[in-house]
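Welcome, and please open the structure in your viewer. We will walk through it one selection at a time, and at each stop you will hear what is there.

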Amino acid sequence: MLTCVVGLFALASLTAGATAGQVTYVAAKDAYLNVGAGSGITKGQELMLQRRNKPVGPCEVVEVSPGAATCRSDRAAPGDNFCFAFVPPAEVAPPAVKVL
């Protein structure tokens with residue numbers, strides 16, 4: 001079981017509702033991730049990277065697409081993992097219909 005650092009101090013496991021992702025490629029300070037908006041990643045989100053279940057450091061999400069994202073970190077390496085809580089987007093109520 002993958003244990004993930006969430007925030008600075010709390011620990012969560014995948015069985016506790018966390019979602020996991022991985023760094024697939026790194027160029028300079030940009031780390032490319034295998035999850036995106038469809039998994040709940042948002043621009044500006046801070047992910048805590050892990051390597052062999054040990055904290056590496058934060059990575060701030062700077063670009064997001066439906067299936068991938070890019071975060072910025074000077075410590076990221078391919079294969080680093082991270083967890084994040086999936087928060088589904090709020091449902092938007094349809095506009096009220098006016099009866100004339």
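Start by selecting asparagine 53, which sits in the loop between β5 and β6. Keep in mind that this is a predicted model. Is asparagine 53 buried, exposed or partly exposed? With a relative accessible area of 45%, asparagine 53 is partly exposed, because that label covers values between 20% and 50%. Now look at its backbone: phi of asparagine 53 is near 60°, a positive value in a residue other than glycine. Most residues other than glycine have a negative phi.

**Zoom out to the whole chain**

Switch to a cartoon view. The protein chain has zero helices and eight strands, so reading along the sequence gives you the pattern β-β-β-β-β-β-β-β. Of its 100 residues, 32% count as buried. Among the contacts with a separation of 6 or more, 57% are between residues 24 or more positions apart.

**The disulfide**

Next, select cysteine 59 and cysteine 71. How far apart are their sulfur atoms? They are 1.9 Å apart, and the two cysteines form a disulfide. The count of disulfides comes to one. Cysteine 59 lies in strand β6 (residues 54-64) and cysteine 71 in strand β7 (residues 69-72), so the pair ties together parts that are 12 residues apart in sequence. The torsion about the S-S bond is about 90°, so this disulfide is right-handed. Both cysteine 59 and cysteine 71 are buried.

Select serine 73, in the loop between β7 and β8. Serine 73 has a relative accessibility of 7% and counts as buried. Its side chain reaches the backbone oxygen of proline 58 at 3.3 Å. Leaving aside neighbours within four places in sequence, serine 73 is in contact with Lys29, Leu49, Pro58 and Cys59.

Now move to glutamine 45, in the loop between β4 (30-33) and β5 (46-51). At 17% relative accessibility, glutamine 45 counts as buried, because the cut-off for buried is under 20%. Which backbone atom does its side chain reach? Look for the backbone nitrogen of threonine 42, at 2.9 Å. Not counting residues up to four places away in sequence, glutamine 45 touches Gly40, Cys59, Glu60, Val61 and Phe84. If you draw a distance from glutamine 45 to cysteine 71, C-alpha to C-alpha, you will find 8.8 Å in space, while the two are 26 residues apart in sequence.

**Threonine 70**

Go to strand β7 and pick threonine 70. At 11% relative accessibility, threonine 70 is buried. Setting aside residues up to four places away in sequence, it touches Asp30, Ala31, Tyr32, Glu60, Val61, Val62 and Glu63.

Tyrosine 32 itself is partly exposed, at 32% relative accessible area.

**Finish in the nonpolar core**

For the last stop, select Leu33, Ile41, Leu47, Leu49 and Phe82. These are the residues with the most contacts inside the largest nonpolar core, which has 15 residues. Which strands each supply at least two residues of this core? They are β4, β5, β6, β7 and β8 (81-85). With three residues, β6 gives the most.

Keep leucine 33 selected and display what surrounds it. Apart from neighbours within four places in sequence, leucine 33 is in contact with Gln22, Val23, Thr24, Leu47, Ala68, Ala69, Cys71 and Phe82. In that list you meet Cys71 again, the residue that forms the disulfide with cysteine 59.

Terms used:
Residues numbered from 1 in each chain as written. Predicted model: local features only at pLDDT ≥ 70, side-chain atom pairs only at ≥ 80, totals over all residues. Heavy atoms only, no water. Disulfide = S-S within 2.5 Å. Helix = DSSP H or I, 4+ residues; strand = E, 2+ residues; numbered from the N terminus. Buried < 20%, exposed > 50% of the residue type's maximum accessible area, 1.4 Å probe, protein only. Contact = heavy atoms within 4.5 Å. Polar contact = N/O pair within 3.5 Å; in protein donor to acceptor, adjacent residues only side chain to side chain. Core = buried A, V, L, I, M, F, W, Y, C linked by side-chain atoms within 4.5 Å.
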